[in-house]
Amino acid sequence: MNEPIDYRARPYCCGALGPADPERIRRLLADAPEGLSAAFEGPGAVLYTTGAAETWEAGPRRGLHWSPLAPGSGPTAWQDAAERRLAAGLQTEPVPLLHTDALGLNDVYYRELDGAVYFASRIGGLLGLDDAPLHIGWDAWAATLAFHAPAADDTPFREVKRLRAAGALVVDDGRVASESFEPAWLADAGDGEPSPGEVAAAVAEAIPAAPEGAVTLSGGWDSRLLGILAKQRIDQVRAWTTSGDDGHDRDMRYAGPVAEALGVKHRTLVPGPDAWVEEHAAVRDRMEFQTGLHTWMMPLARNLHRHERTLVDGLAGDVMFKSSLVGGKLADETDGARREYLLWKALEQRRLRTDRMLLPAVRDRFAEAARSRLGEAVAPFIGHRAGAMLGVLHVRTARAVAASGRWLLGPELDVRFPFAHPEVLRLAIRVPTAEKLGGVFYRRMLYAADPDVAALPSTNDGARLGARRGRRQTSPESLRTVASYVRAAEPLMALLTPTARRAVKDPDALALLASGMGGMRTLSWAGLFGHWLERHQDRLTIDEP
Amino acid sequence: MSSPLGNGSAVVEVVIDFDRSPPTKVKPSVYSALGASKAPVRVAVAPPDGPRGERLRRAFADDRRVAFGDSPPDPTPPYRLHQPPELMLRVGALDRLIREAERDRLGILFLACVKNSDMHFARLERLDALDAAAGDLRDGEELFDAVDRREGTRWIDGTDWAFDWVERPDVTGLHRELASLRLAVHDLEGRLAHAQERARHWRRLAEEPVRDRAMRTLKRRLRRLTGGGPR
């Protein structure tokens, strides 16, 4: 059994809105981690947390918020808590209301049962509310194949939903209603284009001053910029590097000289050849099977849990300032529908369009579902001139990429995401995409922060990569493990072509599929899905996609 | 069906599933299959209804080796290769695959072709092995698993063994270039004819003796004076 998650830096929260059933509250608390205590108990809402939830009050409005991603003063409304502090929370007066942050980085899952809303920081905290069968969230699994994670308010279970960015729930007259607001950065006209120095200063400002802290140093620009800026805010900075299991291992080569130039203590950790097999189950449990990414990080995360308290992470830097995944054509598109289509192509990256393992009808159904859920997720802002960048942030960054910082490094570590700060986002929207493309603006930002570090080679330099070698996730043992999950899951095998069904039973076929990305994409997804089906087979009623 | 090459019945039927591929990708697949073996080959294409399928039917209307629809070949060839239209068989590939299957009496030879983020499957089936396995299916067993149990199957790298990837040609660009070259040729042909005509005229004048030219001029003037010709 995997070690339980230790909520020492970020709390686990759960509770209910509306006419909650005491038996269900009992079950909710029974499935929660140890150390839970009541933070609020009122007639229309209850909240339990493993740590302190900060209270706020402004006129007739009161509430609590937790897991703020941005530092700052106490909020004055739930929208303020969601936007300026990027926190999840519960407004207790005048009307009980549950919300997440304006970028959707905080996980707030919920179920509606008999006119009440039960919520928790984890999907698993909501599965035991009743004994009724649960269903596969097919749209979520389609999106996980297309974008690496579910989109909109989907989760792997049809019955469990996740609060959307800038969204809230309120129970009024026995009816559950959704609310949302438009974050101010969407309306911000701006004062012209910010300089690279201004942006670097804003990112530095988002790093809380501390006597000591750590950065995860890769070979890319985000982490080295944060390394430079963290030194300005944190007295003693330590850098950590591990192998990203991408078959090139350039991080291990490039991070050392950067750490040396920064003058920080640097530790590297090389996972053993069986690390994928050993860690994949723990990683999937921690991320609740919502993405197949990040297994490579777990050995490092375990070390960091033992040795560090605060960690600075470069989440979203490449999307905001290098226009990652948003090329010139997409950025220049002014028609909302056309922009949404191009965004679909940019995020899906032909995972479904070139799939040859799923039955054609299933592939078509998945493509339709994933595209529809993407449309749903980006509808509030796709018309904005920065709609494509915001789409990548909300769909890929918040749901797939952030999961490592939130659920592998955290909640044991206090993980800070300085790029994911309202002020930094406001500046990112004002930098023209033409300047971001090709890394022009980012190079200037790095140069403004530290020209010596900026000059060192990086994974963003565009060097041609050779063949991938020695990936832990494609070792014969890893492939055997993946295939065993697929073969054992009948509902999943029914989605595959007869040839693909034969392939997962043959080690030679698996080795051939693992020789390129095209062969591994659907296989990896199927391994994740099959593993999830095995984990929850007792609770699931299987229906067709 | 007799082979148009006069080599007897087809040894292998190549089945190409049209799927959603443009005819520009299907045609190279069909041509490559027809030329991939010394043994007679029949190519079966399952085209969609509508103009795309019709274009393809017209392109191969004169070749009896290419069949459309579900009409089964008679007699049934011993081997069948299923392949997607995005792949082209290399010369000699079919013979190589059949040799490999025959050597170990394999029921199916599966081919996986992986290129960057793209991937395709193909398979060579020994049809008597499939028929036998179909008649010997155990409870809940799949056909390919039964073939594997009875006769054996093997997976090989399709890109190494048999296939090239159909690259999409710039057909529009080629047509445009061809049209402009035709125009240029037409123009040059016109100028050449005009120059040749002028050359013939001057050559004739240059070669005519002075006495003959003077006689011709006198005859013309005499005709005018007598009212017998144009002035």
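Visitor: Which side chain of opposite charge is nearest to A:Asp222, and how far away is it?
Guide: In this predicted model, that side chain is A:Lys322, 8.1 Å away, and A:Asp222 is buried yet has no salt bridge. Buried means under 20% relative accessible area, with exposed over 50% and partly exposed in between, using a 1.4 Å probe and protein chains only. A salt bridge is a side-chain nitrogen of Lys or Arg within 4 Å of a carboxyl oxygen of Asp or Glu; Lys and Arg count as positive and Asp and Glu as negative, while His and the chain ends are not counted.

Visitor: Where does A:Asp222 sit, and what does it touch?
Guide: A:Asp222 belongs to helix α5 of chain A, residues 221-233, helices being DSSP runs of H or I with at least four residues and strands runs of E with at least two, numbered from the N terminus. Leaving out residues up to four places away in sequence, A:Asp222 touches A:Gly314, A:Gly317, A:Asp318, A:Phe419 and A:Tyr442, where contact means heavy atoms within 4.5 Å.

Visitor: Changing topic, what is the strand order in the open sheet of five strands?
Guide: The order is β16-β15-β14-β17-β18 in chain A, with parallel pairing, and two strands pair if DSSP finds at least two bridges between them. β16 (265-269) and β18 (414-416) of chain A each have a single partner strand, so one side of each is left without a neighbour in the sheet.

Visitor: How many bridges join β17 and β18(A)?
Guide: Strand β17 of chain A, residues 310-312, pairs with β18(A) over three bridges in the parallel sense, and A:Val312 stands opposite A:Arg416 in β18(A).

Visitor: And A:Glu333, is that buried or exposed?
Guide: A:Glu333 is buried, because its relative accessible area is 17%, and it is found in the loop between α10 (328-332) and α11 (336-348) of chain A. Not counting residues up to four places away in sequence, A:Glu333 touches A:Arg338, A:Arg339 and A:Leu342.

Visitor: How far apart are the centres of domain 1 and domain 3 of chain A?
Guide: Taken over C-alpha atoms, those centres are separated by 28 Å, and 13 residues of domain 1 of chain A are in contact with 14 residues of domain 3 of chain A. The bounds, 13-184 for domain 1 and 328-389 for domain 3, come from an automatic or database domain assignment.

Visitor: What should I know about the numbering and the cut-offs?
Guide: Residues are numbered from 1 along each chain as its sequence is written, and chains are lettered from A and ligands numbered from 1 in the order in which they are written. In this predicted model local features need pLDDT of at least 70 and side-chain atom pairs count only at pLDDT 80 or more, while totals for chains, interfaces and linings use all residues; side-chain values use heavy atoms, with hydrogens and water left out.
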